Amino acid sequence: MPNSRFLRRFLAAAAAVTLLCGGPVTAALAGPAPASSTPAPGVGGGAVAPPPGGFLFVTLTDTHVGSGSGNRGTGAVVSDIASLPNQPVFGVHGGDVTELGTAAQYDQYRSLTAPLKFPVYHVPGNHDARWYDAGKAGFQSRFGRPYRSFDYGGYHFILLDTSVNAETHGHLDPGLLAWLAADLRRTGPQTPVLVFSHHPLGYAESRFIDNDDEFFRAVRGYNVIALFSGHGHLNLTWRRNGIAAFMTAAAMDSGYKLIAAGPEGLSVYNKVASQPPALVARVPAHPVVTGALAIAAARPAGDGDHLNLQVQASGLANLPSDGEYRFDLGVWRPLGSPDAVSGSGSYGFALSAAALAPGLHRVAIRVTGADGGLWTDSALFWRGGPGARLVWDFATKGGVQASPAIGGGVVYAASDDGFVYAIKEQSGGLIWRYQAGGAVIASPVLSGDTVYAGSADGKVHALDAAQGVPRWTFAAGAPVLGSPLVRQDMVYVGTMGGKMFALDRSSGQVRWIFAAGGPIRSAAAYGQGGVYFGAWDGKAYALDAASGRQRWATQLAASAYYAPAAAAPAYDRARVIFTSSSGPRTGGVGVWALSSQDGRILWRLSRASGFASPLLRDGAGFLSTAGGEVYSFNPVSGAMGWSTPLKASLYNSPAALGDQVVVGTLAGTMAGLDRLGRGVRWSFQVGTDFLFASPGAADGRLVVAGSMDGHLYAIGVEAGSPPPVARFPDLEGHWAAGAVQTLAGLGLVRGFPDGAFHPERPVTRAEMAAILARYMGVSGPSAGFASRLSDLRENWAAADVAALEERGIVAGYQVGDGKVAAGSTRLVFRPEEAVTRAEAAVLVARVLGLAVPAGGVSPGPGDLVDLAGHWARESIETLERFGAVHGFDGGNGRRVFRPDQPLSRAEAAELVAQTYGR
């Protein structure tokens, strides 16, 4: 469990601060609590007996079976519970049942808990939805529905699912909130209600759940008396809106809670295996409500720069004097004196909102009550302004984790509610919707007249793009959480069962199946006849697209926590770029470039980018990090470009929009960043729910953001175009005009002072070095590097040549004999000599990281007949197989390369351009 220690440290520090500031709930609920080693008062020998007319139950959480401490701690807790003199009538497990969600770990949990002779109800935790059981199919097959309710002994028990498929954070899905409201209506306002969830509800020190305000709004007016949670691995107590809340220490650390419930209320005990119970609190079954706080209205003022806030409060004498407010996830500020007060506890405030970006914002208020707990409420409001604007929003019935696909004036979107939607791009009107069954958490793919999507119930769907009717459906046997990859006549899709399927595009029939060593969470990438993907076994795979034969597999991580599997890789010019969470098991590396040819690691980058797929555009790469950074990099060398920090974590991939890179944050902020690194161009708020879905972009003017609040927001922006590219008059009608213009747009080649390109002029060795240095994104050698080349001191390209020399791309010639000197101390580069076609091919192959077979033995001759015995044969034939060189017509159906002929500027541009976009 990679983050449990961090959570314990964080929560312990938070608890210490809270206690120093007056204590959250222990004193308010039960008076001074006895130490954990003190027997429960009034109970002989430390045993807890059910009260008259009552019963006992236990809550345990975070067993993490499958880890060493999880197995030991769970076994100790089970033995301790089984030995209690008064047995509970049932138990509630608060999630993180297993460490990684494998079938073997679930079976082991069943075995460890077999001594318990009473039913145990389970809610899923993030570990039950993040790793091998993303999609929660294994959890549900063993424990049933992930949320439910039941009645026992005069109490109503509600078990909530706060987990999110394939994510670590907590969220209350729109469908779950609708179910909760209906369940409470059936229960009525008098019955005492206990609520169980994995992620803590209403814990002020951390945002475990992005929308728990919706929970507190839903339970208002009902007799919810206690909340129980896990996740933090500590025993903590607090109060929110008059409700007692309890976090339970992890069972993997031998902790659990024992609760005695009777007509008068609850007695809550912390328990450690082999130690006596410790009374934490007594909670009355029908508490006297002492306060209330609600936002009655939140309306922007006519000037647009203020928010008129109407607050209704009762039983809170320190409002407004100690009341605070904040916008979105900003800093808390004093409410100050109200502008209007009525005798009924209504207060009016005019809050400055001038600093807010356009969009949908949340205003929250809080005040500490007499019981020491927080009273809170929040409300949403729209703010207009210059720049980005809302075009439309579309509501689904589930959180949106899938990035929308846009084409032909239609937005194809999907939701955790199990539907795929076709929406009009201009108006947001529904064209059709298709019920896939399980949650669709990856982007649908539009290819031709068909939309392809995978669902968590283990199916792949091919839908008619115009009408939404299925053309075929394929049962994959395990959740499909990544987007299908469509190439030529095949659809490639991986499953959480660890299989990669190749399906016939027109019929859905299986063409081949490949079994990886772990679940396949994300989409695959395609390039040069290969299919590339990562799996939870920590490996990056390459398969032959036609046959499914494994080309190579490279181990990048030692465990699933750091596997290159949460995001799709990207293919770029004979390399495949994978991302992962960086950590000790990856040596701090979070981005790898592997050779598409043999899986060799070409470069590494220490950035924790494992939740984002690389965006590649015009020779540059862009990534986002969970730390809130967006950065650019050179895909050829891995050299970092610009970096722009944002104010919140990023768990989605960047999207391209004109001359911008667009991202969405976990704080609900959409932002457009200048692709050249000149900062944030615009921002737009779409509430404060998590944005896991990568944005979709259309026509350089529309961004569609999917939020976990169940909405798709279409945002209109003014996105500029990339800067104009110089036009060379001597390239009119030239065969290499396209290649030259491509490279000129990337800044890799330039013209002469007369404005011409001179395409037939030979390329000098200095010019070729400069082109390749720009290609790799390097501007010079490192500070401590000393070049051995003696004829570059006054040359304009000296820094470029030295940068390539340091990286082993270029060497020198020994003075006098014209041969490469393996160990000479007197070397020259001859920068103004024309580079030959052979020399250029070798340099490009080295830059691309294309391997020449060991021992200089070619794996097979190419079609070029004039390379026999040539020193550069292997490199040239490698480029030929890669598709970057083609040669000339030598007559009689033969192709020749002319390796020793000087390379022209046009040929140099074509050679380098051929490696882009592959």
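User: How do I read the span of a helix?

Analyst: The expected span of a helix is 1.5 Å times one less than its number of residues. Helices (H or I, at least four residues) and strands (E, at least two) are DSSP runs, numbered from the N terminus. Take helix 3, residues 68–82, in this predicted model. Helix 3 has 15 residues and reaches 21 Å from its first C-alpha to its last, close to the 21 Å expected.

User: What ground rules apply to the model?

Analyst: Residues are numbered from 1 along each chain as its sequence is written, and side-chain values use heavy atoms, with hydrogens and water left out. This is a predicted model, so local features need pLDDT of at least 70, side-chain atom pairs count only at pLDDT 80 or more, and totals for chains, interfaces and linings use all residues.

User: How do I read the confidence, and where is the pLDDT below 50?

Analyst: pLDDT is the predictor's confidence in each residue, from 0 to 100. The protein has a mean pLDDT of 88, and 91% of its residues reach 70 or more. Over residues 12–45 the pLDDT is below 50. Beyond near neighbours in sequence, that stretch has 53 contacts in the model (contact means heavy atoms within 4.5 Å). Residues 853–860 also have pLDDT below 50, with eleven contacts beyond near neighbours in sequence.

User: Which residues of helix 3 are buried, and what covers them?

Analyst: Buried means under 20% relative accessible area, exposed over 50%, and partly exposed in between (1.4 Å probe, protein chains only). In helix 3 the buried residues are Gly70, Gly73, Thr74, Gly75, Val77, Val78, Asp80 and Ile81. Their cover includes strand 1 (55–60), helix 4 (103–112), strand 10 (255–262) and strand 11 (265–272).

User: How many residues of helix 10 are buried?

Analyst: Eleven of its twelve residues are buried, so helix 10 is mostly covered. Among them are Arg765, Glu767, Ile771 and Tyr775. The buried residues pack against helix 11 (798–806), strand 53 (813–814), helix 12 and helix 14. The span of helix 10 (residues 765–776) should be 16 Å, and its end C-alpha atoms are 16 Å apart, which agrees. Glycine 777 follows helix 10 and has a positive phi, near 75°.

User: How do I read strand pairing around strand 36?

Analyst: Two strands pair if DSSP finds at least two bridges between them. Strand 35 (residues 530–534) and strand 36 pair in the antiparallel sense over five bridges. Glycine 534 stands opposite alanine 540 in strand 36. Four residues lie between strand 35 and strand 36 in their hairpin, where glycine 538 takes a positive phi near 90°. Strand 36 also pairs with strand 37 (residues 550–555), antiparallel over five bridges. Here leucine 543 stands opposite glutamine 550. The hairpin of strand 36 and strand 37 has five residues between the strands, and glycine 548 there has a positive phi near 80°.

User: Why is strand 36 largely enclosed?

Analyst: Five of the six residues of strand 36 (residues 539–544) are buried, so the rest of the structure largely encloses it.

User: How do I read salt bridges?

Analyst: Side chains of opposite charge can pair when their charged atoms come close. A salt bridge is a side-chain nitrogen of Lys or Arg within 4 Å of a carboxyl oxygen of Asp or Glu. By this rule the count comes to 29. Arginine 186 and aspartate 183 form one at 3.6 Å, N to O. Both lie in helix 7 (residues 174–187), three residues apart, about one turn of the helix. Arginine 186 is exposed at 61% relative accessible area, whereas aspartate 183 is buried at 3%.

User: Which parts does the bridge of arginine 837 and glutamate 907 tie together?

Analyst: The closest N and O atoms of arginine 837 and glutamate 907 are 3.4 Å apart. Arginine 837 lies in helix 12 (residues 837–848) and glutamate 907 in helix 14 (residues 905–913), so the pair ties together parts 70 residues apart in sequence. Both residues are buried.
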